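Work through the exercises below with the sequence and the model in view. Each task is followed by its solution.

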Amino acid sequence: MLNEKKISFEIAGNAITVSTGKLAKQATGSVEIRCKNTALLVTVVAAEKPRDGIDFFPLTVDYEEKLYSVGRIPGSYNRREGRASDKSILISRLIDRPVRPLFQDGFRNDVQINVITLSIDNDCPPDTLAMLGAAFALELSGLPLDGPFGAVRISLDDAGNFVINPTEVDQQKSDLDVVIAGTADSIMMVEAGCNFVEDNKVVDAIAYGHKFIQEQITYIKKFAQECGVVKQEFVAAEAYKPLCDLIEKEAKEDIIASMQNATKASRKAILKQAQAKVDAAIVAAIEASGGKEGEFATYLAKNPFALGEAMKKFEKKLLRKQIKETKVRADGRNPLQVRNIFCETGSYPNVHGDGLFTRGDTQVLSLAVLGTEKMARELDDTTLQDTKYYMHNYNFPSWSVGEARPNRGPGRREVGHGALAERAIEPALPSRETFPYSIRVVSEVLESAGSTSMASTCASSLSLFDAGVPMKTAVAGVAMGLIQEGDEAIVLTDIHELEDFLGDMDFKVAGNEAGISALQMDIKIKGIAMDTLRRAIGQAKEGRLHILGKMLEIAPKPRPEMRPNAPRITQTRVETDRIGAVIGPSGKNIKAIIELTGVEIDINDTGAVNIFSTNEEAAQKALMLVHASANGLQAGEIWEGKVVKVLDGIGAIVEIFGGNSGLVHISQIANERVNNVADYVSVGDMVTVRVQGTDAKGRTSLSMKEVEQAVKA
């Protein structure tokens with residue numbers, strides 16, 4: 001008989017049930033978590049001991065989105081799930097980011113967290129539920145982490161009140177969408193997309209959500225106690241004092257010098273010099289302690305990564321000491337300063353818009369391309385959204401940091417950074433009614449020295465202004481850092497790569513003068529207090545407005561005209577009952593219009609017609625053909641048609657596009673008197689005619705001589 005245990009509770013009116021002991025019992029920890037009709041299986045597996053040669057914590061998180069969970073068969077050729085969707089990758093990152101810093105320092109055992117969607121209800125989005133399920137499974141696993149943690153989503157209702165864990169529909173309607181994770185006393189992770197919501201309102205939302213996280217944590221602890229969980233003990237190996245003393249003696253002076261108003265290149269050169277001194281001193285120490293059989297050599301042989309870790313810890317110690325005592329950063333700035341900024345647009349004529357954004361040693365080039373609605377990305381996942389019209393791709397090649405390694409396509413980091421910049425820009429885009437294009441922006445990281453995602457946001461905004469997209473506003477972003485020493489928290493504006501690598505926080509904030517459009521916070525310590533978070537957001541606003549001002553000096557508003565090579569849209573509308581006439585049987589009519597004019601045409605179920613072309617004459621011709629197909633021929637229009645029948649003594653039948661035809665009466669063939677129609681036209685001739693009108697029976701009268709008269713006039 002199954003030894004199943006359950007706990008049920010409510011969070012903000014949503015009933016949640018967590019059970020263990022029924023499914024996946026061979027995992028280190030596993031739970032099934034349910035809310036409404038959403039059900040997820042979350043498993044945690046940990047290796048018994050570390051792999052040889054591991055100098056990092058090997059945590060893997062996989063969120064597996066199964067289309068059977070929404071009653072669908074995959075649209076792929078093999079009819080099975082393929083590589084993880086961007087949505088799955090982003091949810092995997094949401095789970096990973098608060099979990100990783102909670103594990104004990106020095107823990108090197110492989111840990112894998114897996115989430116499988118068994119049933120998805122759009123009234124209960126699975127992402128924050130998956131995070132909560134992971135928190136339960138980790139606590140039941142007994143692994144050595146300083147948890148538990150909880151996670152919630154906060155949005156706004158129509159009255160401006162905060163809502164916890166809204167439905168997917170309500171989430172999409174809200175001006176604020178914030179996901180937070182935290183422990184009982186601090187915030188670990190924030191991910192937000194907002195419609196330029198005022199900064200303090202976002203902080204208030206985070207504070208409001210934290211109260212519900214504290215509720216979740218009480219239930220996690222209670223369930224773990226009921227299940228008799230015993231935490232594993234783990235004590236990290238102490239640092240080898242002789243090695244630490246050697247590094248301090250040989251490298252201290254150079255490491256301090258590398259933090260005195262240094263650039264990335266000069267800092268790298270000084271640190272290389274310090275490493276050489278340490279290496280030479282180690283050789284001497286090994287010889288002095290008995291050679292290869294001595295204590296020093298034996299320790300390094302057993303701990304091949306000890307030197308690198310000790311150097312990193314010592315550099316971190318000195319950096320933090322300098323910032324705390326002097327408030328001067330490694331590149332000479334004070335905590336509030338932004339690096340020098342250079343912006344440029346309009347350099348690459350064959351794209352539709354480009355923007356170069358350089359901030360210190362970080363440089364990103366974003367290139368924008370406009371396309372038809374058919375170029376939108378179709379989504380095949382478990383969410384309600386099926387089409388994406390704005391697409392942002394972020395590329396981070398190895399040469400941007402001076403390294404040589406193969407480029408294998410975008411990884412999880414690239415997907416995450418691209419999604420953040422995409423989310424930051426989306427609220428500034430024009431409505432599809434006024435600008436029905438598909439838009440793709442590609443951000444190429446050319447140099448990296450801290451916060452390329454926010455540089456991508458700035459460069460993307462510049463490229464869209466340059467493309468003539470009628471943006472509501474420009475968008476800028478800045479990354480904030482933190483040095484937390486005891487009770488003192490020093491917030492750093494515009495962190496460079498050393499502060500990112502050795503600091504305690506990477507906090508990215510994007511928006512405009514009015515408020516925030518995107519926010520992402522990752523913490524490397526066990527969380528930060530709300531007052532520190534509020535101060536960081538206030539300082540970030542000053543930084544992003546400074547950057548925004550520099551961008552607006554170069555591109556104060558979107559270009560009034562798109563580039564000549566960008567597709568133009570001619571818009572019209574037909575009655576819904578005439579859509580079929582425009583399309584024609586099996587699409588014959590609309591295909592013919594496209595073939596005749598070379599344009600692209602999109603027509604939707606409401607009768608809205610968008611004609612895309614770089615040639616204005618072709619667009620106008622296509623517009624006439626659409627109207628003729630939908631509404632028939634109108635008096636005064638001039639058309640070219642084919643003679644399909646000659647009626648002796650009467651005239652000629654001329655067929656015009658879209659199945660329209662009419663009679664050119666013998667009196668309307670030429671200015672002079674016509675006795676024999678065959679003397680003027682033959683079957684198969686192409687002739688130009690003017691529409692005179694349509695009688696009560698729907699018969700159309702055409703004239704050739706009125707065209708001739710108009711030409712002579």
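**Exercise 1.** Find the handedness of the crossing of α2 and α4, then describe how the two helices pack.

*Solution.* Step 1: the crossing of α2 and α4 is right-handed, meaning that the near helix is turned clockwise from the far one by less than a right angle. Helices (H or I, at least four residues) and strands (E, at least two) are DSSP runs, numbered from the N terminus. The model is a predicted one, where local features need pLDDT of at least 70, side-chain atom pairs count only at pLDDT 80 or more, and totals for chains, interfaces and linings use all residues. Residues are numbered from 1 along each chain as its sequence is written, and side-chain values use heavy atoms, without hydrogens and water.

Step 2: α2 (residues 126-141) and α4 (residues 199-226) pack at about 35°, their axes 9 Å apart. Axes are lines fitted to C-alpha atoms, for helices over the stretch in contact, and angles run from 0 to 180 degrees between N-to-C directions.

Step 3: L132, A135, F136, E139 and L140 of α2 meet Q216, Y219, I220, F223 and A224 of α4, contact being heavy atoms within 4.5 Å.

**Exercise 2.** In what order do the six strands of the open sheet lie, and which stand at the edges?

*Solution.* Step 1: the order is β1-β2-β3-β4-β6-β5, with mixed pairing; two strands pair if DSSP finds at least two bridges between them.

Step 2: β1 (5-11) and β5 (59-64) are the edge strands, each with a single partner strand, so one side of each has no neighbour in the sheet.

Step 3: from one strand to the next, the twist averages 15°.
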